[in-house]
Amino acid sequence: MARVGVDADGDDIRRLLSREGIDITHLFTDHRVRTAASFILLHGSGERSILVYHGADAAWDEGEVRRAIPVAKWFYISSLSGHFEVLD
């Protein structure tokens with residue numbers, strides 16, 4: 001289960017998963033925002049800054065989660081952008 005936007009990154013993700021034979025039934029597309037992205041900036045001293053654009057990840061819908069859980073063989077949660085209420 002994942003969310004992408006209508007953009008080149010979302011298209012790439014959809015295409016690559018399909019090519020690998022991964023079921024994308026629960027790969028949802030959000031037409032309002034872009035696909036999420038993170039950028040890690042590394043300073044010469046070793047310090048790093050992480051810039052995050054939550055994009056489509058920030059728009060989870062409780063109905064989408066409820067439809068996906070009963071058919072999932074396993075369920076890994078990496079980010080709901082703080083919207084954990086969809087798991088209640």
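In the protein, confidence is highest in helix 1 (residues 8-19), with a mean of 96, and lowest in helix 2 (residues 62-68), where the mean is 77. The model is a predicted one, and across the protein the mean pLDDT is 84, with 84% of the residues reaching 70 or more.

**Overall layout**

- The secondary structure of the protein amounts to two helices and four strands, and, read from the N terminus on, these elements follow the order β-α-β-β-β-α.
- Of the 88 residues in the protein, 20% are buried, while the accessible surface comes to about 6,600 Å², with 55% of that area belonging to carbon and sulfur atoms.
- When contacts between residues at least 6 apart in sequence are considered, 51% of them join residues that are at least 24 apart.

**Salt bridges**

- The count of salt bridges comes to three, and two of the pairs share Asp 30, which forms one salt bridge with Arg 3 and another with Arg 32.
- In the pair of Asp 30 and Arg 3, the closest N and O atoms are 3.9 Å apart, a value that may be read against the cut-off of 4 Å used for a salt bridge.
- In the pair of Asp 30 and Arg 32, the closest N and O atoms are 2.7 Å apart, and Arg 32 is exposed, because its relative accessible area of 66% lies over the 50% cut-off.
- Asp 12 is partly exposed, because its relative accessible area is 31%.

**Strands 3 and 4**

- Strand 3 (residues 37-42) and strand 4 (residues 48-53) run antiparallel and are joined by six bridges, and among the partners in this pairing are Phe 39 and, in strand 4, Leu 51.
- Five residues lie between the strands of this hairpin, and in the hairpin Gly 46 takes a positive phi near 100°.
- Strand 3 lies largely in the open, because the number of buried residues among its six is zero.
- Leu 51, which is found in strand 4, counts as partly exposed because its relative accessibility is 45%.
- On the surface, Leu 51 forms a nonpolar patch with Phe 39 and Leu 41, and the three residues together have about 300 Å² of accessible area.

**Leu 17 in helix 1**

- Leu 17 is found in helix 1 and is partly exposed, because its relative accessible area is 27%.
- With neighbours within four places in sequence left aside, Leu 17 is in contact with Ile 22, Ile 24 and Leu 27.
- Leu 17 and Leu 27 are ten residues apart along the chain, and their C-alpha atoms are separated by 9.7 Å.

**Glu 64 in helix 2**

- Glu 64 has its place in helix 2, the element in which confidence is lowest, and Glu 64 counts as buried because its relative accessibility is 9%.
- With residues up to four places away in sequence not counted, Glu 64 touches Met 1, Arg 3, Phe 28 and Ala 59, and Arg 3 is also a partner of Asp 30 in a salt bridge.
- Glu 64 and Ala 2 lie 62 residues apart along the chain, yet their C-alpha atoms are separated by 9.9 Å.

Technical notes
Residues numbered from 1 in each chain as written. Predicted model: local features only at pLDDT ≥ 70, side-chain atom pairs only at ≥ 80, totals over all residues. Heavy atoms only, no water. pLDDT = per-residue confidence, 0-100. Buried < 20%, exposed > 50% of the residue type's maximum accessible area, 1.4 Å probe, protein only. Pairing = 2+ DSSP bridges. Patch = residues over 30% accessible without salt bridge, like charges linked within 9 Å, V, L, I, M, F, W, Y side chains within 5 Å. Areas by Shrake-Rupley, 256 points an atom, 1.4 Å probe, with all protein chains shown as cover. Salt bridge = Lys/Arg side-chain N within 4 Å of Asp/Glu carboxyl O. Contact = heavy atoms within 4.5 Å.
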